Amino acid sequence: LSSVSLPAISAGVYGFPLNLCAETMVACARDFAAGGPGSLRRVSFVLFNDTGAQAFVKAASSLFGQGCVRPAGPSDPPRAPDARPKCKACGTECKVETVRKEGANKGRGFYSCPNYTGGCKAWNGWV
């Protein structure tokens with residue numbers, strides 16, 4: 001298992017506070033990653049709407065620093081293929097990868113930091 005996608009369970013119809021859900025899930029992901037090397041390389045939080053995304057960005061920004069995370073989705077502006085961004089965390093030029101897992105984003109391109117194995121954990125957006 002190299003990646004996992006987690007929904008904000010119970011923060012919708014069951015009424016668990018979204019901000020507390022976001023803070024708890026992001027902190028657990030951070031604590032798990034801090035436990036040492038393992039096979040898990042990517043954690044995605046799958047959210048229903050922009051309100052959920054904003055809650056998770058706020059929680060992640062408070063733990064990892066402002067500007068190191070942002071929501072991404074179909075509304076992201078397209079970039080020219082040769083205009084690869086710099087990693088938000090370490091400044092290295094991003095590489096383009098493709099989602100291989102079955103689901104709504106299969107085949108979609110995204111920017112990833114080539115220093116991921118060196119400790120950089122920044123999300124850099126969709127192509």
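Predicted model: local features only at pLDDT ≥ 70, side-chain atom pairs only at ≥ 80, totals over all residues.
A59 counts as buried because its relative accessibility is 5%, under the 20% cut-off.

What does A59 touch, once its neighbours within four places in sequence are left aside? The contacts are A22, E23 and V26. Take E23 as an example: 36 residues separate A59 from E23 in sequence, yet their C-alpha atoms are 5.1 Å apart in space.

Are the two partners buried or exposed? F56 counts as buried, because its relative accessibility is 5%. F45 is partly exposed, since its relative accessible area is 25%.

## A positive phi at S10

Here is a backbone detail worth a look in your viewer. Most residues other than glycine have a negative phi. S10 is not a glycine, but its phi is positive, at about 75°. Where does S10 lie? You will find S10 in the loop between β1 (3-7) and α1. With a relative accessible area of 32%, S10 is partly exposed.

## The chain as a whole

Stepping back, the protein chain has two helices and four strands. Read from the N terminus, their order is β-α-β-α-β-β.

The chain has 127 residues, and buried ones make up 26% of them. Its accessible surface comes to about 8,300 Å², and carbon and sulfur atoms account for 57% of that area. As for contacts between residues at least 6 apart in sequence, 50% join residues at least 24 apart.

## Confidence in the model

How confident is the predictor in the chain, in terms of mean pLDDT? The mean is 77, and 77% of the residues reach 70 or more. Among the elements, helix α1 (residues 18-33) has the highest mean pLDDT, 88, while strand β4 (residues 109-112) has the lowest, 79.

Notes: Residues numbered from 1 in each chain as written. Heavy atoms only, no water. Buried < 20%, exposed > 50% of the residue type's maximum accessible area, 1.4 Å probe, protein only. Contact = heavy atoms within 4.5 Å. Areas by Shrake-Rupley, 256 points an atom, 1.4 Å probe, with all protein chains shown as cover. pLDDT = per-residue confidence, 0-100.
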